[in-house]
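Look at the sequence and the model below.

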Amino acid sequence: MFPELTRDDVFRLETRRLWLRWTRMADASAILRLAGEKAVAEMTAAIPHPYPVEAVEPFIFAMRKGNALGEHLVLAITPRAKPNELIGMIGAHKQATGIPFIGYWLGTPHWGKGFATEAVQALIDTLFTLVDVPAIDADTRVINPASRRVLEKSGFRQEGSFLKSLPARGGLFPCEQFRLDRSTWSALKSWGSSGWAHAPDFAPEVEAASGEPCPA
Ligand SMILES: CC(C)(COP(=O)(O)OP(=O)(O)OC[C@H]1O[C@@H](n2cnc3c(N)ncnc32)[C@H](O)[C@@H]1OP(=O)(O)O)[C@@H](O)C(=O)NCCC(=O)NCCS
């Protein structure tokens, strides 16, 4: 599903304040520290809590391998001014339906600054630009209003509620399902350029960085 461009670890996305890049082994301690917090893990399907030290390097390796094979596109979220400093992760994953599914998390010190919305909108723009998909899916636990708000700010519409298996949480939990159709995204982008404020401070660029650095 993911094109050649994203399958090399020089791939990165730049936004106004962020650099989204492949993860690398040097990110292990930041992932352990930030994803290791219960407040982060408990809202996700796959982040264990407590986070076993020995799990983090195999995780990074698996994310890099999946990126290289085009099975998913998982990126570290870093401040643009400090691209070595992982503050969260974001990823798009294949589904049997052919519609990619996105997930994301940020370390708690970085909450409430609009970073997740900025990263999600960059990933959405990238997916609709580079991949021929009709829509993008996401879901949140019903107890996660911050994530719901990130999705709403990015144009997603709630499709319903369901019980989802969250393996790292050990069972089925009530979740809300969201979808962003390509036609809605196109409309939001064109309204943005005519003055409607879709993402006022966001100017994504898809770039290949030379020789560098680099999640979930
Ligand atoms: C969800 C998460 C990524 C949001 O990151 P963030 O960078 O703080 O998000 P943003 O700042 O871009 O936007 C958050 C929005 O939620 C709102 N919000 C935050 N807490 C809220 C609450 N308890 N109730 C209602 N709205 C809330 C914020 O006000 C903001 O909306 P606004 O811009 O309209 O004011 C972050 O909280 C996180 O990593 N949580 C744990 C992991 C997780 O939930 N991942 C998503 C799994 S679906």
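Sorted by class, the shell around the ligand holds 11 nonpolar, eight polar and two charged residues. Here Ala, Val, Leu, Ile, Met, Phe, Trp, Tyr, Cys and Pro count as nonpolar, Asp, Glu, Lys and Arg as charged, and the others, Gly among them, as polar. The model is predicted: local features need pLDDT of at least 70, and side-chain atom pairs count only at pLDDT 80 or more, while totals for chains, interfaces and linings use all residues. Residues are numbered from 1 along each chain as its sequence is written.

In total, 21 residues surround the ligand, and the closest are Met43, Ala116, Thr117, Pro145 and Arg149. Two or more residues of the shell come from each of β5 (101–106), α4 (115–130) and α5 (145–153). Of the elements, α5 gives the most, with five residues.

The protein chain has six helices and nine strands. Both are DSSP runs numbered from the N terminus: helices are H or I with at least four residues, strands are E with at least two. Of the 216 residues of the chain, 36% count as buried. Buried means that 20 or more other C-beta atoms lie within 10 Å of the residue's own, with C-beta atoms placed from the backbone.

Helix α4 is mostly covered, with 12 of its 16 residues buried. Among them are Phe115, Ala116, Ala119, Val120 and Leu123. Which element gives the most to the largest nonpolar core? The core has 46 residues, and Leu20, Leu75, Ile77, Ile90, Ala119, Val120 and Leu123 have the most contacts inside it. The element in question is α4, with eight residues. A nonpolar core is a set of buried Ala, Val, Leu, Ile, Met, Phe, Trp, Tyr and Cys residues joined through C-beta atoms within 7 Å.

Strand β3 (residues 72–79) is also mostly covered: seven of its eight residues are buried. β3 pairs in the antiparallel sense with strand β2 (residues 18–21) over four bridges, and with strand β4 (residues 88–93) over six bridges, again antiparallel. Strands pair if DSSP finds at least two bridges between them. Arginine 21 stands opposite alanine 76 in β3, and isoleucine 77 stands opposite glycine 88 in β4.

Leaving out residues up to four places away in sequence, isoleucine 77 touches residues including Leu18, Leu20, Ile90, Phe115 and Ala119. Contact means C-beta atoms, placed from the backbone, within 7 Å.

Notes
Near = placed C-beta within 6 Å. Contact = placed C-beta atoms within 7 Å.
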